[in-house]
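Reader: I'm new to this one and don't want the whole tour. Pick a single part and walk me through it closely, please.

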Amino acid sequence: HQDVHSFPTRRSSDLSEIFDFEDRWPELFDRLDARERNSVRQALAAAWHEGFEPTREHVENLTDYALGLIDDSEYQRRSRELVKRLLQDTNSKPTSL
């Protein structure tokens with residue numbers, strides 16, 4: 001019942017080879033019913049095929065949204081804050097020559 005959201009993408013060298021997000025964080029998926037689980041799985045799969053590698057926090061925000069624990073504006077706020085943190089972390093890493 002929730003919309004699929006778009007995600008930022010990462011370099012292919014950073015991506016996992018296996019779509020295993022349910023195995024990584026089963027506690028997030030255990031609280032979903034079959035329809036919610038399928039919706040979250042489809043959103044993650046679409047993003048993953050586009051080159052996005054979700055973090056646990058991404059998945060938690062998406063499952064919270066699917067469960068109705070947060071509304072669209074809170075989901076968007078959390079997503080923006082997470083992207084800002086990830087970009088800061090990426091920019092603060094030393095680059096090798």
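Author: A helix here is a DSSP run of H or I with at least four residues, a strand is a run of E with at least two, and both are numbered from the N terminus. Keep in mind that this is a predicted model, where local features need pLDDT of at least 70 and side-chain atom pairs need 80 or more, while totals for chains, interfaces and linings use all residues. Residues are numbered from 1 along each chain as its sequence is written, and side-chain values use heavy atoms, leaving out hydrogens and water.

Now for helix 4 and its surroundings. The protein chain has 5 helices and 0 strands, and helix 4 covers residues 56-66. It's largely enclosed by the rest of the structure, because 8 of its 11 residues are buried (under 20% relative accessible area; over 50% is exposed and in between is partly exposed, with a 1.4 Å probe and protein chains only). Those buried ones are His58, Val59, Asn61, Leu62, Thr63, Asp64, Tyr65 and Ala66. Across the protein chain's 97 residues, 31% count as buried. The cover over helix 4's buried residues includes helix 2, helix 3 and helix 5.

Take helix 5, residues 72-92: helix 4 packs against it at about 175°, with the axes 10 Å apart (lines fitted to C-alpha atoms over the stretch in contact, with angles from 0 to 180 degrees between N-to-C directions). That makes the two roughly antiparallel, the word for angles over 145 degrees; under 35 is roughly parallel, 65 to 115 roughly perpendicular and the rest oblique. Helix 4 makes the contact with Glu57, His58, Asn61, Leu62, Asp64 and Tyr65, and helix 5 with Asp72, Tyr75, Arg78, Leu82, Arg85 and Leu86 (contact means heavy atoms within 4.5 Å). By class, that's 5 nonpolar, 2 polar and 5 charged residues; Ala, Val, Leu, Ile, Met, Phe, Trp, Tyr, Cys and Pro count as nonpolar, Asp, Glu, Lys and Arg as charged, and the others, Gly among them, as polar.

Tyr65 deserves a look too: at 7% relative accessibility, it counts as buried. Its C-alpha lies 6.6 Å from that of Tyr75, 10 residues apart along the chain.

Setting aside neighbours within four places in sequence, Val59 touches Trp25, Leu28, Phe29, Leu44 and Pro54.
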